[in-house]
Amino acid sequence: MGITIPAMVNHTASLNHPDASTMVNHTASPNHPAASTGCHSQDDCNGTPKEFQAVAPVYDWSPDVQGIILGSINYGIFLTTIPTGYVAGVFGAKRVVGAGLFISSVMTLFTPVAAGTGLTLLIAIRVLQGIAQIMVLTGQYSVWVKWAPPMERSQLVTIATSGFPLGIFIVFATGGVLCQNIGWPYVFYISGGIGCVYCLLWFSLVYDNPVNHPFISNGEKAYIICALAQQNSSPSWYLPIKPMITSLPLWAILVSHFCEFWFLNILMTFIPTYINFIFQANLRMSGILSALPPIFGFVSTILGGLLADFLLSRKILRLATIRKLFTAIGSIVPSLHMVSLHWVRSSPSTAVTFLVLSSVFNSFSASGSFVNFLDIAPRYTSFIKGLSEILANIGGAISVTTTGFFLSQDSELGWRNIFLLSAAIKIFGLIIYLIFGKADIQDWAKEQSATRL
């Protein structure tokens, strides 16, 4: 929704009525070519075919209301995160993740209708969509417990999770063009339709474990089973609750996830708004510029996973050192770039370069603390992932809502304050992780120490 917000908001209307809406033409009129697109000249608006001109509603949402709307996708995570991880770990991820994909896709299709109906319904739809996405994000790790050999874990998980920045890149790159040419509702219609089609592929091709897969070779099946047999990774109905609560390595991961996702949600959610405000770019150009950080982040996520597994397989570094090193790189460098954005905003090329570099180095955390729970407690991966998603989404909800509040107070200095606060929180999470983080299987995660929930 980050790419559509600039097109959904009436920037010239009064903010006294935050849920009012009007109908405007998203393509420029002959007399005012820059009125609704943000173009600075007639040349900026050229290339929009007349037959694609469309009317779409805009809404008088203040910055703090926009922050609530964007953050509402994180509001419902408390209801399903832990149950999803627990159920997926016991019954398998195929059904849980598939159901989440389908519900999220349907909610995406209904978003334009909900926005036209009112804020309450829109926020409710966003909350349901967030719950469904948590089912996907949490449940998928149950697949890796049964499919990813330890020596290839970073590589496989980062390849899979690299789909997150890749998807953002595609939406940002095409969303601006769609918003400007045929209207923002089509971003949701097309995305939701693709999601529904993908659900069919998921249920047809994905299997919970290699034993039941009909197409995998016997050699590969034996290799995976043998590699995973060396660790206690079978999910269980029993949870060692008390040892989990007192486990400092587990808390280090959870705190790190909170701080990382505080930063990441701002980076991914508000890039289009930031570019639109600072550079006054039109919707098409805003989408293209916003797409650059996630596509470079996609590439570096995969390369980071390959590098982490290379260092581990060649025994160049210990696993704990790799996790902490990659987390440090993914925290310090992006924080420096983020803080610097306020002072380079007069140079669009430099600011975009800093956003790209921030996304590139931030992706190193995908091979650090993001996958560390697979190392310390493979038997309880889905449950712990559920816990981490709670804190991660609390961080996401607070950060996005706080960003909206800062921007409503001061639209220019607000960005500086947002960047400084985000960098400070990210560094705090890194310090906690460096001090208490571990990479060996914890005693409470071994089969003999499990106690009844």
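Predicted model: local features only at pLDDT ≥ 70, side-chain atom pairs only at ≥ 80, totals over all residues.
Trainee: What is the distance between the closest N and O atoms of D375 and R323?

Mentor: Side chains of opposite charge can pair when their charged atoms come close. D375 and R323 do form a salt bridge, and the pair links distant parts of the chain, with D375 in helix α17 and R323 in helix α15, 52 residues apart. The closest N and O atoms of the two are separated by 2.7 Å.

Trainee: How many salt bridges does a search of the whole structure find?

Mentor: One of them is the D375 and R323 pair. Another joins the side chains of E260 and K426, with N to O at 2.4 Å. For the whole structure, the search gives two.

Trainee: Moving to helix packing, are α5 and α9 roughly parallel or antiparallel to each other?

Mentor: Two packed helices are described by the angle between their axes and the distance between the axes. The axes of α5 (residues 93-117) and α9 (residues 185-205) come within 7 Å and cross at roughly 160°. Angles over 145 degrees count as roughly antiparallel. Therefore α5 and α9 are roughly antiparallel.

Trainee: How many nonpolar residues does the contact of α5 with α9 have?

Mentor: The crossing of these helices, α5 and α9, is left-handed. Sorted by class, their contact includes eight polar and two charged residues. The nonpolar residues in the contact of α5 with α9 number 15.

Trainee: Which residue's backbone oxygen lies 2.5 Å from a polar atom of the side chain of S162?

Mentor: S162 is placed in the loop between α7 and α8. Its relative accessible area is 2%, so S162 is buried. The backbone oxygen at 2.5 Å from the S162 side chain belongs to I159.

Trainee: And which residue's backbone oxygen does the side chain of S300 reach?

Mentor: S300 is part of helix α14 (residues 283-313). With 8% relative accessibility, S300 counts as buried. Its side chain comes to 3.1 Å from the backbone oxygen of G297.

How values were computed. Residues numbered from 1 in each chain as written. Heavy atoms only, no water. Axes fitted to C-alpha atoms, helices over the stretch in contact; angles between N-to-C directions. Helix = DSSP H or I, 4+ residues; strand = E, 2+ residues; numbered from the N terminus. Parallel < 35°, antiparallel > 145°, perpendicular 65-115°, else oblique. Left-handed = near helix turned anticlockwise from the far one by under 90°. Nonpolar A, V, L, I, M, F, W, Y, C, P; charged D, E, K, R; others polar. Salt bridge = Lys/Arg side-chain N within 4 Å of Asp/Glu carboxyl O. Buried < 20%, exposed > 50% of the residue type's maximum accessible area, 1.4 Å probe, protein only. Polar contact = N/O pair within 3.5 Å; in protein donor to acceptor, adjacent residues only side chain to side chain.
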